[in-house]
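Okay, everyone, let's get started.

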Amino acid sequence: MRKWFALMISIAVVMAAVPCVAEDLDMREALQETLQEGARLIAENKMGDGQGVLWDGEGFSLVRDELNDPGVLDGRYGPFYNEPREAAGLDLSCPIWPETVLTDTEAYYEAVDGTWAVFVLRGDETALREWLDDSSALLPTDDPEIFLFIRTVDNRQYAGYARLTKSGKEARLIGLSGIGLMADIGVMADFLLQTE
């Protein structure tokens, strides 16, 4: 009788967990669809058309972008002061470093501030790919090292770009994301991803 009771309890626990897994899968699929829509909007957005792609923390939309007008030259690209910082043992440089550091070790750095999020990881390439895949909705870009992603940090969803590179036996995963115009997020990410 005890074995039967224990078996029924085990089945009940497993059955109770199934909806949570299904909800996670549904949420992940919804995020992936949202990201695909964002990638489509970014690809269709033309330089000088006065529009930009906005990530508002929940979805992508086209909005007026004053820095994407034909009469504005390089308004988005500077001048910026690149602030050097050591993150996960790497010397990096970026105009934006979020204030709240969540993790700061030799292998993992992560910081957020409500508008921006930065992460830097070092380790095995397979493990880093799994971390990014497990923690994000992501899409590859034209560059095989760069990914467009949406990731939840501190209960907020940020969209941005990550770069996975390999240096000898060690892989490095660096990402910058934010809430705002994807062109602004892309510029800041480009500064960070190119300094490694």
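**Aromatic pairs in the fold**

So, the chain has three helices and twelve strands, taken as DSSP runs numbered from the N terminus (helices are H or I with at least four residues, strands are E with at least two). Before I go on: this is a predicted model, where local features need pLDDT of at least 70, side-chain atom pairs count only at pLDDT 80 or more, and totals for chains, interfaces and linings use all residues. Residues are numbered from 1 along each chain as its sequence is written, and side-chain values use heavy atoms, with hydrogens and water left out.

Of the 196 residues in the chain, 38% are buried; buried is under 20% relative accessible area, exposed is over 50%, and partly exposed is in between, with a 1.4 Å probe and protein chains only.

Now the rings. Phe, Tyr and Trp rings (for Trp, the six-membered one) pair if their centres lie within 6.5 Å; planes under 30 degrees apart are stacked, over 60 edge-to-face, the rest tilted. That rule gives us five aromatic pairs. Take Tyr108 and Trp131: centres 6.0 Å apart, planes at 70°, so edge-to-face. Tyr108 sits in strand β6 (residues 108-112) and Trp131 in helix α2 (residues 125-135), so this pair ties together parts 23 residues apart in sequence.

Trp131 also pairs edge-to-face with Phe119, at 5.0 Å centre to centre and 65° between the planes. Phe119 is in strand β7 (residues 116-123), twelve residues from Trp131.

Buried or exposed, what is Phe119? Buried, at 2% relative accessible area, while Tyr108 is partly exposed at 22%. Finally, ring pairs join Tyr108, Phe119, Trp131 and Phe149 into a cluster.
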